[in-house]
Amino acid sequence: MNLSEDYHVHSTFNDHSASDLTIENVVKQAGNLNLVTIAFTEHVRTSSTWIGEYLQEIATISKKAAIRIIAGFEAKILADGSIDCPDFYAENYFIVASFHTLYHKKDIWLNALEKVIQNPSVDVIGHIAPEPSFQLEAAEVEKLGALICEHDKVVEINAKYHRPPAHWIKTFVQEGVKMHLGSDAHRLNEVGMFSNVMDLISLVKKRRI
Ligand SMILES: [Zn+2]
Ligand SMILES: [Zn+2]
């Protein structure tokens, strides 16, 4: 877990981020903050038409940047456990898979999550937490952690949503689950900002010393 790496940043390629969140501005801001790694993870759908332009812009700016820049996408987890992302991009780019819809039933949610964890195209499970209508038993969290380890996925600690829950993180740390940070920035001043998840970060750091 490295505070100078931000693995979840949006850009002006979606329609709900601030107009200052251009790829160029994000890279400049990351440099100003002495970040060493930034991952662009724009919201994608199988129907997205801007992907080529987005990747081209990241590639152009990456060539002259002094920091490591990762091109990727945040893909929605669908009820059947697939992700809403064209296969080619899922297979060849960094993929954060996240729930963006309430499924209201724990069995549907768990089944979808287990399939996503087993999907070789997925790199990271984004802002993971139970839905408001259900909780997971301790044994269910342990089982998830074991599956995440088995399939070598990373669990994101998301600054925007303050997730996952602390007791999940404790279990994941005990099981050796890899975790990293994502600001989920939708405006420029949110890039690399993890001050509101220092409590969650300390759970990871404390237990690794
Ligand atoms: Zn998200
Ligand atoms: Zn996001």
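1. Strand E4 (residues 94–98) and strand E5 (residues 124–125) of this predicted model pair in the parallel sense over 2 bridges, where two strands pair if DSSP finds at least two bridges between them. Ala 97 stands opposite Ile 125 in E5. Helices (H or I, at least four residues) and strands (E, at least two) are DSSP runs, numbered from the N terminus.

2. The protein has 7 helices and 7 strands, and from the N terminus on the elements run β-α-β-α-β-α-β-α-β-α-β-α-β-α.

3. Helix H1 (residues 23–32) and helix H2 (residues 51–64) pack at an angle of about 35 degrees, with their axes 10 Å apart; axes are lines fitted to C-alpha atoms, for helices over the stretch in contact, and angles run from 0 to 180 degrees between N-to-C directions. Ile 23, Glu 24 and Val 27 in H1 meet Glu 57, Ile 58 and Ile 61 in H2, a contact being two residues whose C-beta atoms, placed from the backbone, lie within 7 Å.

4. A cis peptide bond, with omega about 0 degrees, joins Arg 163 and Pro 164, and Pro 164 is placed in the loop between strand E6 (154–158) and helix H6 (166–175). His 104, in the loop between E4 and helix H4 (106–117), has a positive phi of about 65 degrees although it is not a glycine, while His 127, in the loop between E5 and helix H5 (138–150), has a positive phi of about 20 degrees.

5. His 104 counts as exposed because 11 other C-beta atoms lie within 10 Å, whereas His 127 counts as buried because it has 22 C-beta neighbours inside 10 Å. The cut-offs are 20 or more other C-beta atoms within 10 Å for buried, 12 or fewer for exposed, and partly exposed in between, with C-beta atoms placed from the backbone.

6. Residues are numbered from 1 along each chain as its sequence is written, while chains are lettered from A and ligands numbered from 1 in the order in which they are written. In this predicted model, local features need pLDDT of at least 70, side-chain atom pairs count only at pLDDT 80 or more, and totals for chains, interfaces and linings use all residues.
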